[in-house]
Amino acid sequence: MKIKNILISQIAPADFEKSPYADLKKKYCISIDFFKFFKIHSVSGIDFRKTKINILDHTAIVFSSTTTIDQFFMLCKELRIEMPYEMKYYCMTDMTAHYLQKYIPYRKRKIFFGKNNNPSSVFDLLLKNRTHNYLIPCGAGSMGTHFAEFFDKHGIQYTQAVCFTTEAADIKNNVDLSKYDMVIFFSPVGIAALKENYPDFVQGEMALGAVGLAAGNAVREAGWNLHVEAPTKEHPTITAALEAFLKEYATRRR
């Protein structure tokens, strides 16, 4: 397996040349392209009210991604809801937890996340705090499934709140998938979009990477091999994980 062309299924960084991706591109003489595999549509306040979910009935909120955070607080703004000081927040990773600072003051004992860059460790925290009434903001489909299954198993009270819907982007007419040696996914929706655009997709020699526990599990559930995964204890970011992978599999190195 040799890696020369990588497709990142996300929008490009605002300043690519200052991003870790640019360093990898130069160091390993690879090509990196960006194309978001899906489109997001916000759920309106009017439609959300029809679900009869009262956000403030809950004592803790679980976030799986920065996209979910953005969509949730956009919805709260439209509904004119302000989060109470005592609300607790549980996040899959420290990156997601720190992203919350965009919307709320970052305070100890208020925001919790998986330890040692291990996303699955957040479930230990949830189990230790099982008396909360949890809210799981998510997209329509399966984005909150792993939390819901965990809460069901342990008899923990929760509500799933759909804050946005997703639509597969037109990958076939905008991206030549056959030219890439590797694709990196950022959510289960990206895997679903690939299946929708390429129902006969066969992985073959293509390497696959995933950011986050949910995306990694979705790759495995599709029956594909996962070569790069982040965050982990050894590789807290996807670029760190790629670096380790490219040391062995890049076609060239400066």
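Good morning. Let us begin with the interior. In soluble globular proteins, nonpolar side chains tend to be buried together. In this predicted model, the largest nonpolar core holds 24 residues. Those that touch the most other members are Phe 63, Phe 72, Phe 73, Met 83, Tyr 89 and Leu 100. Several elements each supply at least two residues of this core: strand E4 (60-63), helix H3 (66-79), and strands E5 (88-91), E6 (111-113) and E8 (158-168). Which element gives the most to this core? Helix H3 does, with 6 residues.

Met 83 deserves a separate look. Leaving aside residues up to four places away in sequence, Met 83 touches Ile 55, Leu 56, Ile 61, Phe 72, Phe 73, Cys 76 and Tyr 89. There is also a second, separate core of 23 residues, and among its members are Tyr 28, Phe 34, Ile 238 and Ala 250.

I turn now to helix H3 itself. Its 14 residues, at 1.5 Å a residue, should span 20 Å, and the end C-alpha atoms are 20 Å apart, so the two values agree. The buried residues of H3 are Thr 68, Ile 69, Asp 70, Gln 71, Phe 72, Phe 73, Leu 75, Cys 76 and Leu 79. Just after the helix comes Arg 80, with a positive phi of about 60°.

Next, please find His 58, in the loop between helix H2 (45-49) and strand E4. Is His 58 buried or exposed? Its relative accessible area is 6%, and buried means under 20%, so His 58 is buried. The side chain of His 58 reaches the backbone oxygen of Ile 55 at 3.2 Å. Again not counting residues up to four places away in sequence, His 58 touches Ile 53, Met 87, Asn 133, Tyr 134, Leu 135 and Thr 159.

Finally, the largest pocket. About 1100 Å³ of space lies within it. Its lining consists of 42 residues, and nearest the centre of the pocket are Gln 10, Thr 66, Met 95, Phe 186 and Val 211. Two or more lining residues come from each of these elements: helix H1 (20-28), strand E3 (38-42), H3, helix H4 (94-99), helix H6 (145-154), helix H8 (213-221) and helix H9 (238-249). Helix H4 gives the most to the lining, with 4 residues.

Conventions
Residues are numbered from 1 along each chain as its sequence is written. This is a predicted model: local features need pLDDT of at least 70, side-chain atom pairs count only at pLDDT 80 or more; totals for chains, interfaces and linings use all residues. Side-chain values use heavy atoms; hydrogens and water are left out. A nonpolar core is a set of buried Ala, Val, Leu, Ile, Met, Phe, Trp, Tyr and Cys residues joined through side-chain atoms within 4.5 Å. Buried means under 20% relative accessible area, exposed over 50%, partly exposed in between (1.4 Å probe, protein chains only). Contact means heavy atoms within 4.5 Å. A polar contact is a pair of N or O atoms within 3.5 Å; within protein, one must be able to donate a hydrogen and the other to accept it, and residues adjacent in sequence count only if both atoms are side-chain atoms. The expected span of a helix is 1.5 Å times one less than its number of residues. On a 1 Å grid over the protein atoms alone, a cavity is a set of points where a 1.4 Å probe fits but cannot get out, and a pocket is an open set with protein on both sides within 12 Å along at least five of seven lines; lining residues have an atom within 4 Å of a point. Grid points are joined across faces, edges and corners, and a volume is the space filled by probe spheres set on the points.
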